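Here is a short briefing on one protein model. Look it over, then read the points by topic.

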Amino acid sequence: MKRCQHRLKSMLPATLLPMAWACYAHAADLIVHVDHIVSDRGFVCMALYRAASNYLASDDAQAFRLGKLAARTQGVTLSFHELPPGRYAIKVFQDENNDGKMNRNFFGAPTEPYGISNNARARFSLPPFRDALIAVNASVTETRIELASH
């Protein structure tokens with residue numbers, strides 16, 4: 001009986017290792033380039049979403065992942081590592097006054113530069129989630145977002 005237990009214990013790592021490697025091997029990296037940054041003021045804040053309900057939330061608390069870099073007029077690049085393959089939407093804004101939120105005017109329109117994945121645009125609201133989705137299936141996926149101002 002003891003011999004069987006020993007064999008079982010020695011086989012366990014050998015069976016778990018391929019399963020762990022398979023999970024890791026399917027993880028992907030998403031590299032996001034942000035262009036059209038008109039000033040070096042503040043930070044470029046990014047939120048990555050997997051679900052439409054979270055994407056539509058007014059704050060970024062429901063984001064799958066968040067990122068933040070100092071704004072630079074030559075552009076910034078942020079990487080999200082080890083993502084599960086799937087479809088994601090990205091919201092970006094330049095927090096020029098460092099208050100941690102996207103500022104809006106009386107009518108609700110953004111007063112700070114912003115962008116959405118696929119450079120999706122909508123006239124008076126957030127573009128539909130389906131228009132902002134990008135596929136992240138390869139080991140590395142790159143996308144580019146251009147900031148716009150109202």
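A residue counts as buried when its relative accessible area is under 20%, as exposed when the value is over 50%, and as partly exposed in between. By that cut-off tyrosine 88 is buried, because its relative accessible area is 0%. The model is predicted. Its pLDDT averages 86, and 83% of the residues score at least 70.

**Confidence**
- Residues 16-24 have a pLDDT below 50.
- Beyond near neighbours in sequence, this stretch makes one contact in the model.

**Overall layout**
- The protein contains three helices and eight strands.
- Along the sequence the order is α-β-β-α-β-β-β-β-α-β-β.
- The protein has 150 residues, and 37% of them count as buried.
- Take the contacts with a separation of 6 or more: 69% of them join residues 24 or more positions apart.

**Nonpolar cores**
- In soluble globular proteins, nonpolar side chains tend to be buried together.
- The largest nonpolar core here has 20 residues.
- Which of its members touch the most other members? They are Leu30, Val32, Val34, Met46, Phe80, Ile90 and Val92.
- Five strands each supply at least two residues of this core: β1 (28-35), β2 (43-49), β4 (76-83), β5 (86-95) and β7 (134-136).
- A second, separate core holds 10 residues, including Tyr55, Ala63, Ala89 and Ala120.
- Methionine 46, listed above for the largest core, can be followed through its contacts. Setting aside neighbours within four places in sequence, methionine 46 touches Val32, Val34, Arg65, Leu66, Gly67, Leu78, Phe80, Ile90, Lys91 and Val92.

**Aromatic pairs**
- The count of aromatic pairs is four.
- A pair of aromatic rings is described by the distance of the centres and the angle of the planes.
- Phenylalanine 64 and tyrosine 88 have ring centres 5.9 Å apart and planes at 45 degrees, so this pair is tilted. Planes under 30 degrees apart would count as stacked, and over 60 as edge-to-face.
- Phenylalanine 64 lies in the loop between α2 (52-55) and β3 (65-70), while tyrosine 88 is in strand β5; the pair therefore ties together parts 24 residues apart in sequence.
- Is phenylalanine 64 buried, partly exposed or exposed? Phenylalanine 64 counts as partly exposed because its relative accessibility is 34%.
- Phenylalanine 106 and phenylalanine 107 have ring centres 5.3 Å apart and planes at 80 degrees, so this pair is edge-to-face.
- Both phenylalanine 106 and phenylalanine 107 are exposed.
- Tyr49, Tyr55 and Phe129 make up one aromatic cluster. Tyr55 is also among the residues of the second core.

**Charges over rings**
- Arginine 50 lies over the face of phenylalanine 64, at 5.1 Å from the ring centre.
- Lysine 68 has its charged end over the ring of phenylalanine 43, 4.5 Å from the centre.

**Phenylalanine 124**
- Where is phenylalanine 124? Phenylalanine 124 sits in the loop between β6 (114-116) and α3 (129-132).
- Phenylalanine 124 is exposed, because its relative accessible area is 79%.
- Phenylalanine 124 and phenylalanine 107 are 17 residues apart in sequence. In space, the two are 9.5 Å apart, C-alpha to C-alpha.

Note on methods. Residues are numbered from 1 along each chain as its sequence is written. Side-chain values use heavy atoms; hydrogens and water are left out. A nonpolar core is a set of buried Ala, Val, Leu, Ile, Met, Phe, Trp, Tyr and Cys residues joined through side-chain atoms within 4.5 Å. Buried means under 20% relative accessible area, exposed over 50%, partly exposed in between (1.4 Å probe, protein chains only). Helices (H or I, at least four residues) and strands (E, at least two) are DSSP runs, numbered from the N terminus. Contact means heavy atoms within 4.5 Å. pLDDT is the predictor's confidence in each residue, from 0 to 100. Rings of Phe, Tyr and Trp (its six-membered ring) pair if their centres lie within 6.5 Å; planes under 30 degrees apart count as stacked, over 60 as edge-to-face and the rest as tilted. A charge sits over a ring if NZ of Lys or CZ of Arg is within 6 Å of the ring centre and within 35 degrees of the ring normal.
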